[in-house]
Amino acid sequence: MAHDDPLREDRILLGQFGAAHGIRGEVKLHAFAEDPASLADYGPLTLDDGRVVEIVQLRPQGEALVARVKGVADRNAAETLRNRKLYIPRSALPPLEDEDDFYHADLVGLSAERRDGTSLGRVVAVQDFGAGDLLEILPEGGRSFYLPFTRAVVPVVDITGGEIVVEPPDETEAREGDETASPEDGS
């Protein structure tokens, strides 16, 4: 089954705090939502350390946002939020409108297979390092690798069936010294 981690069912990662911004308690925030400004609309958010916070104001600042958090009034308090991830209960998310829509969290745990049924491993994360979404695939007994999360590379996403179909790009190859083979050789 695709949903092995019970926490994945209960909470969804919406963002991550960065460094303190200024001396009045503001903190940078990297939002993982389609509409970054919506983070303030969800109400209280739970941090990865269990604390509950409420964003009272958001404003754009370069590539990120700057947040004012209820009860955080100075730089020292803002620094305690640095690198903390923000979660909401899955039930707080709006319903999906289209059957082809899904949340990135729904992809984690899915089996990644080629069209011929050859297993490539499991999706362990969805990453974005600035150039678009990447699926991190972990083969059984191997090291993880990344594939672009595009319709060309991942033509089928079957959340209910617990799998994705992957067509790795031709340029995918193992580097010299890699312990695992590339997805291209079927290992």
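How many bridges pair strand E3 with E4, and in which sense? I found two bridges between E3 (residues 45-47) and E4, in the antiparallel sense. Leucine 45 stands opposite valine 53 in E4.

Notes on the source: this is a predicted model, where local features need pLDDT of at least 70, side-chain atom pairs count only at pLDDT 80 or more, and totals for chains, interfaces and linings use all residues. Residues are numbered from 1 along each chain as its sequence is written, and side-chain values use heavy atoms, without hydrogens and water.

My terms: strands are DSSP runs of at least two residues, numbered from the N terminus, and two of them pair if DSSP finds at least two bridges between them.

Next I looked up the sheet. It is open, with seven strands in the order E4-E3-E7-E1-E2-E6-E5 and antiparallel pairing. E4 (52-53) and E5 (55-61) each have a single partner strand, so one side of each lacks a neighbour in the sheet.

Then I checked E1 (residues 11-21) and E2 (residues 26-31), which pair antiparallel over five bridges. Alanine 20 has valine 27 in E2 as its bridge partner. Their hairpin has four residues between the strands, and glycine 22 there takes a positive phi near 80°. E2 also runs antiparallel to E6 (residues 64-69), joined by three bridges; lysine 28 stands opposite valine 66 in E6.

Last, is aspartate 98 buried, partly exposed or exposed? I got 40% relative accessibility, so aspartate 98 counts as partly exposed (buried is under 20%, exposed over 50%, 1.4 Å probe, protein chains only). I found aspartate 98 in the loop between E7 (85-89) and E8 (111-113).
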